[in-house]
Amino acid sequence: MEANVEGALLYLDEHVNCNNFLHAVETGFTYHEEEKGSTLNGKFLDTYNHLLFLVEGACTISCNEFQDRTIKGGEMILIPRAATVHGQVTQSAKWLQMTFALPHSGCDRLVLEGYQPYCEAIYYDFQPLDIREPLSTFINLMVFYLRSGMNCAHLHSMKHAELFFSLRGFYQKEEIATLFYPLIGRPLSFREQIEKWKDRDDSVTQLAKACNMSQIAFLKKFKEEYNETFFRWELRRRCNRILADMAIPNITIKEVMSRHGFHAAPNFNRFCKTNFGCTPTELMKRYGTKTH
């Protein structure tokens with residue numbers, strides 16, 4: 001058997017043709033290289049937060065009221081959603097960028113909230129934090145994966161969780177609070193509150209209560225923010241979770257039904273025909289992970 005060339009991704013066609021391959025990354029990890037003099041304008045979607053890990057080089061970044069902050073290789077900074085950002089690469093730069101709404105894990109979100117008391121003693125000035133081990137190893141490996149063409153949705157999800165494990169395990173709480181100050185050092189916006197609860201199966205009544213709003217006010221605010229009704233958004237979210245579960249290797253239709261509160265096969269059958277245009281069995285064949 002011919003040896004694999006170091007760094008070459010094996011079975012590339014199978015990887016690219018998998019349902020979980022990300023041809024474009026909206027949330028997750030991306031790798032960037034820019035020459036000296038390049039601008040950073042437009043590099044950060046304003047609907048998401050961005051953790052910027054500068055591997056090499058240097059750049060100046062202005063973010064909201066903080067002007068011309070210098071970020072060097074071996075440093076990281078958080079650029080919050082909806083920020084006014086512009087900047088320039090001052091030395092040819094390489095960086096890993098994690099784009100996200102909130103931590104995926106409810107546990108990680110609760111931990112971040114627990115750091116809020118530390119924010120009271122912090123004078124936040126949009127200053128970078130040093131990248132230390134094991135985070136530097138994590139970053140190098142993620143860059144290696146991305147440059148090799150490995151761009152699986154499951155990989156991004158696992159590495160998202162691993163990143164927060166590394167931060168919690170090897171950085172002081174005060175450092176984490178400083179890094180995430182834009183997220184935890186101020187009251188959550190309506191959209192951020194929704195993101196906080198979106199992975200749970202709460203009713204509209206429970207979500208309205210969590211936002212300290214009446215149900216009528218909540219539904220009106222939701223329509224204004226998202227330009228669609230809560231119930232339409234909730235249906236789309238439920239459909240996306242079902243499709244994600246269908247891709248789990250060796251999962252059964254019965255297990256998918258149980259995960260999503262369907263207690264009778266006819267009900268799930270009607271749901272799938274109405275929302276996916278096919279039966280659960282056909283949906284499993286279409287989206288189920290192929291094993292070899």
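Let me begin with a definition: a residue is called buried when its relative accessible area is under 20%, exposed when that area is over 50%, and partly exposed in between, using a 1.4 Å probe and protein chains only. The model is predicted, so local features need pLDDT of at least 70 and side-chain atom pairs count only at pLDDT 80 or more, while totals for chains, interfaces and linings use all residues. Residues are numbered from 1 along each chain as its sequence is written, and side-chain values use heavy atoms, with hydrogens and water left out.

Thr-99 lies in strand 5, residues 85-100, where strands are DSSP runs of E with at least two residues and helices are runs of H or I with at least four, numbered from the N terminus. With a relative accessible area of 7%, Thr-99 is buried. Leaving aside residues up to four places away in sequence, Thr-99 touches Glu-26, Thr-27, Gly-28, Tyr-48, Asn-49 and His-50, contact meaning heavy atoms within 4.5 Å.

Cys-59 has Ile-71 of strand 3 as its bridge partner. Two residues separate the strands of this hairpin, and Asn-64 in the turn has a positive phi of about 55°.

Which residues of helix 10 and helix 11 make the contact? Phe-218, Leu-219, Phe-222 and Tyr-226 contribute from helix 10, and Phe-230, Phe-231 and Trp-233 from helix 11.

Definitions and conventions: Pairing = 2+ DSSP bridges.
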